Amino acid sequence: MRTIMTGNQAVAHAVKLSRTEVIAAYPITPQTVIVEKLAEMVDSGELDAEFIRVESEHSALAAVYGSAVAGKRSFTATSSHGLLYMYEMVWWVANARVPLVMTIVTRTIGPPWNIHTDHTDLLTMRDAGWIIAMAENVQEAFDLTIQGFRISEEVSLPFTAGMDAFQLSHTSEVVDIPAQQTVDEFLPERKQSYVFGDEAFTVGCIGPNAYTAKLRKETFETLREAESVIEKASREYEELTGRECGLFEEYRLDDAEYAVVMMGAWSGDAKEAIDMLREEGVPIGLLKLRYVRPMPYRKIQRALDGKNVLVVDRDCSMGAGGVLGIEIKASVGDCTNVIAGIGGVDVGVEEFRSMFRAFVDNKLVSCPNWWL
Amino acid sequence: MEYSEPILLPGNPSCQGCPHGLGLKALGIGLDNPVIVIPAGCSTIIAGIHPKATINAPVLHVPFASAPAVASGIAAAFRREGKDRQVVVWMGDGGADIGFATISGAAVRNEDIIVIVSDNEAYMNTGIQSSGTTFWKAKTTTSPAGKKEERKDLAAIMLMHRIPYVATASVGYLPDFIDKLKRAKEVKGFRFIQLHSPCPPGWRFDSSKTVEMARMAVKCGAWILWEYDGEFRFSPASKPYKNKEKRKSLAEYMRAQGRFKGISDEEIAEIEKAIERQWKFLEAMEGL
């Protein structure tokens, strides 16, 4: 069914169609609407689930940890400071190998107080053992949420999908919402490696050091192998819905000599800028990341082979560079890295056009809206 | 009293004279089929080191401040399945300090869980640091000259959450604790029990005297046993000590513990006044 929804509404519908059984959340702008919508659905009986109105984000993830470990499909959502407040639980659920899904509506981190987007919050989860995706538009935010449950449950690791504050969370776009039957066909009943509560066994107790190391190695390997699980889920989803949602998207990249790498909502503007430059005869294309973890280094290396690469980060690893810049350097050896759009500073089609043009002409310099 | 399968198995790594061991044994007697959530603390160790486990029940270890929230999630999952099992949080006073908002939030939602704070009056697992319930003027490693502030009354604070069941208990009176667990089991919603748990190494007394110390605390009136299940009442073991004259010597109780070494008669008199105020406060609850 084609309809019009904001990103927040679409994610709430994806959670419903995934037959989620337990939701716990604490409000934070700009995520709040997702859980308000879900609370409304639970109250009206539209969604048969438990809604736990926790007193903090730390408890939000703790509560869904409890329901997920006890065998129920569970969901929460947060942003920025909420994510940082629950950070201890972020690592705990991954190390405990518990499947669940959390939406991060990306928002910058204060001070100063600011509710607008950048991706630094999402990327603080990079090393924790989560599968991390990022949406470009409302449709992707919807699709990734449904796929998230399946991927998470197949590899017994938590899944997060990011979407940009306001640009997606509060912006209405046309979305195609599949029928319940289609989602059921794609998303089997929940499975997980262990269910807590029936038998007398202990989860998470102290162990010998080598045991911790063994478990971390297993998580590391599972997360790398999740690449193929994501690709398989994406293929099957495409068969059912016609929409591809793989590890990354290549836009006019095949014959490009220059390649831009980025992720999130502004990739749409970047595509328009690339179209303009193509018309001017510039051989440039885009690699839009949909997943940061697992990071498909080899596939990215192949896709970017022999090209001049510009990575545009909407995040910053202080004292080092853009997080994606660091990651892509690990993949292709060398690239130019721009940090832009921090704190929601708007970078649109025209600015991308001049940024990319300057990159191609080897004249890229820092300016008020971005830095190298 | 009937023993089914013991919940705490022998050979567990608790200290000699550990009060948590007594409490956990009673827990297994008072409740059927508990599912136990344990945040960081002494009980993290008592529960055993992989591949051994000492608690004969499902046990989930969780981060320090998270336990009542995790228990809320488990209770929600059980509700979905129609499973009738007691979801119990077993935590120390440290977990109750760092996780205070979490306990309060779960209580406000009237979650169908039982929270037991085994209160040994300091952060013992990290080496005897002062907590919100550390006894006034007790020496800890972070209050080496004696704690300057009075202890907070956690059970009374929980009572003010308008939850259906709140009680205090003591490892010196296990039948009373077991009775309270049995009554709590019959109540639906959030239930809270603060279990007084004298700690031999933390309070500096001989490990053979845990029960004796717990009883002295009740008999001198410093620890008051009460219960609320819709109405407030003093428990039988504490009832006689409503009468100030009947209370045993507070000085004797305090001087039996190394943590009060060097305390003056004047300081003890000051604490005695605070204890009397506490009795008056609780007496005002009676019949409300």
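Some ground rules. Residues count from 1 along each chain as its sequence is written, chains are lettered from A and ligands numbered from 1 in the order written. Because the model is predicted, local features need pLDDT of at least 70, side-chain atom pairs count only at pLDDT 80 or more, and totals for chains, interfaces and linings use all residues.

The sheet, then. It is open, mixed in pairing, with 7 strands in the order β3-β2-β4-β5-β7-β6-β13 of chain A. Strands (E, at least two residues) and helices (H or I, at least four) are DSSP runs, numbered from the N terminus. Pairing takes at least two DSSP bridges between two strands. What stands at the edges? β3 (50-52) and β13 (291-293) of chain A. Each has a single partner strand, so one side of each lacks a neighbour in the sheet. From one strand to the next, the twist averages 20 degrees.

Look at the β3 end. β2 (22-24) of chain A runs parallel to β3(A), over 3 bridges. A:Ala24 sits opposite A:Ile52.

Now the domains, whose bounds come from an automatic or database assignment. Domain 1 of chain A is 2-241; domain 2 is 248-371. Their centres, over C-alpha atoms, are 27 Å apart. Contact means C-beta atoms, placed from the backbone, within 7 Å. By that rule, 25 residues of domain 1 of chain A meet 21 of domain 2 of chain A. On the domain 1 side, α6 (120-123), β6 (131-134) and α9 (209-241) of chain A each give two or more residues. α9(A) gives the most, with 5.

Terms used:
Axes fitted to C-alpha atoms, helices over the stretch in contact; angles between N-to-C directions. Contact = placed C-beta atoms within 7 Å.
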